[in-house]
Amino acid sequence: MDPQILKLRIKYLFGYKNIDMNIDEITVLVGDNGTGKSTILRIIHSLLTLSETESLRLCEYAELYLDGDVKVVYENFDKDDSRKVMEKIFVETINSTNDDIKRLDSEDILKLMTRKLDNYKKHKKENKFRV
């Protein structure tokens, strides 16, 4: 038997739309062309198949609640607040090098921060779906 979809939550679709909708046995999406109806359906499909698609990349976060207390979550870490990420990496870089930071020039600090940022993105990209 196919799982029953109970609820859908999408944060920052197209960078500004938040969607929080209960899904009944019959649910109708209505709206003008270009408002996101097909995108919402593609996001639901992506969540059910655990497939990262272009539609999922259009939002920051999506949750699909299924019967049997199952929840599928997608987090788009590429949409993280870049200022927060950079502040975190900067603080980690400064704290991790302690006294050695005085001997590094700005280019070396930038290289160290870039490596940390690459590792952060790689780690985050590997953990986009949770069930």
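What pattern does the chain follow, read along the sequence?

**Figure 1. The whole chain, read along the sequence.** The pattern is β-β-α-β-β-α-α-β. That makes 3 helices and 5 strands in the chain. Helices (H or I, at least four residues) and strands (E, at least two) are DSSP runs, numbered from the N terminus. This is a predicted model, where local features need pLDDT of at least 70, side-chain atom pairs count only at pLDDT 80 or more, and totals for chains, interfaces and linings use all residues. Residues are numbered from 1 along each chain as its sequence is written, and side-chain values use heavy atoms, with hydrogens and water left out. Of the 131 residues, 29% count as buried. Buried means under 20% relative accessible area, exposed means over 50%, and partly exposed lies in between (1.4 Å probe, protein chains only). The chain's accessible surface is about 9200 Å², and carbon and sulfur atoms hold 50% of that surface. Such areas come from the Shrake-Rupley method with a 1.4 Å probe; for residues, only the protein chains shown count as cover.

Figure 2. Side chains of opposite charge can pair when their charged atoms come close. A salt bridge is a side-chain nitrogen of Lys or Arg within 4 Å of a carboxyl oxygen of Asp or Glu. The count by this rule is 7. Lys7, Arg9, Asp20, Glu63 and Lys71 are linked in a network of these bridges. Lysine 7 meets aspartate 20 at 3.7 Å, N to O. This pair links distant parts of the chain: lysine 7 is in strand 1 (residues 5–13) and aspartate 20 in strand 2 (residues 17–22), 13 residues apart. Aspartate 20 also bridges to arginine 9, at 3.3 Å. Here, too, strand 2 is linked with strand 1, across 11 residues. Glutamate 63 and lysine 71 form a bridge at 3.5 Å. How exposed or buried is glutamate 63? Glutamate 63 is buried, because its relative accessible area is 4%. Lysine 71 has 33%, so lysine 71 counts as partly exposed.

**Figure 3. Lysines over tyrosine rings.** A charge sits over a ring if NZ of Lys or CZ of Arg is within 6 Å of the ring centre and within 35 degrees of the ring normal. Lysine 7 lies over the face of tyrosine 65, 5.8 Å from the ring centre. Lysine 7 is partly exposed, at 23% relative accessibility. The charged end of lysine 11 sits over the ring of tyrosine 61, at 4.9 Å from the centre.

**Figure 4. Serine 55 in its loop.** Where is serine 55 found? Its place is the loop between helix 1 (37–49) and strand 3 (61–66). Serine 55 is buried, with 8% relative accessible area. Its side chain makes a polar contact with the side chain of arginine 42, at 3.2 Å. A polar contact is a pair of N or O atoms within 3.5 Å; within protein, one must be able to donate a hydrogen and the other to accept it, and residues adjacent in sequence count only if both atoms are side-chain atoms. Leaving aside neighbours within four places in sequence, serine 55 is in contact (heavy atoms within 4.5 Å) with Thr39, Arg42 and Ile43.

**Figure 5. The aromatic pair.** Rings of Phe, Tyr and Trp (its six-membered ring) pair if their centres lie within 6.5 Å; planes under 30 degrees apart count as stacked, over 60 as edge-to-face and the rest as tilted. The count is 1 aromatic pair. The ring centres of tyrosine 74 and phenylalanine 129 are 5.2 Å apart and the planes are at 55 degrees, so the pair is tilted.
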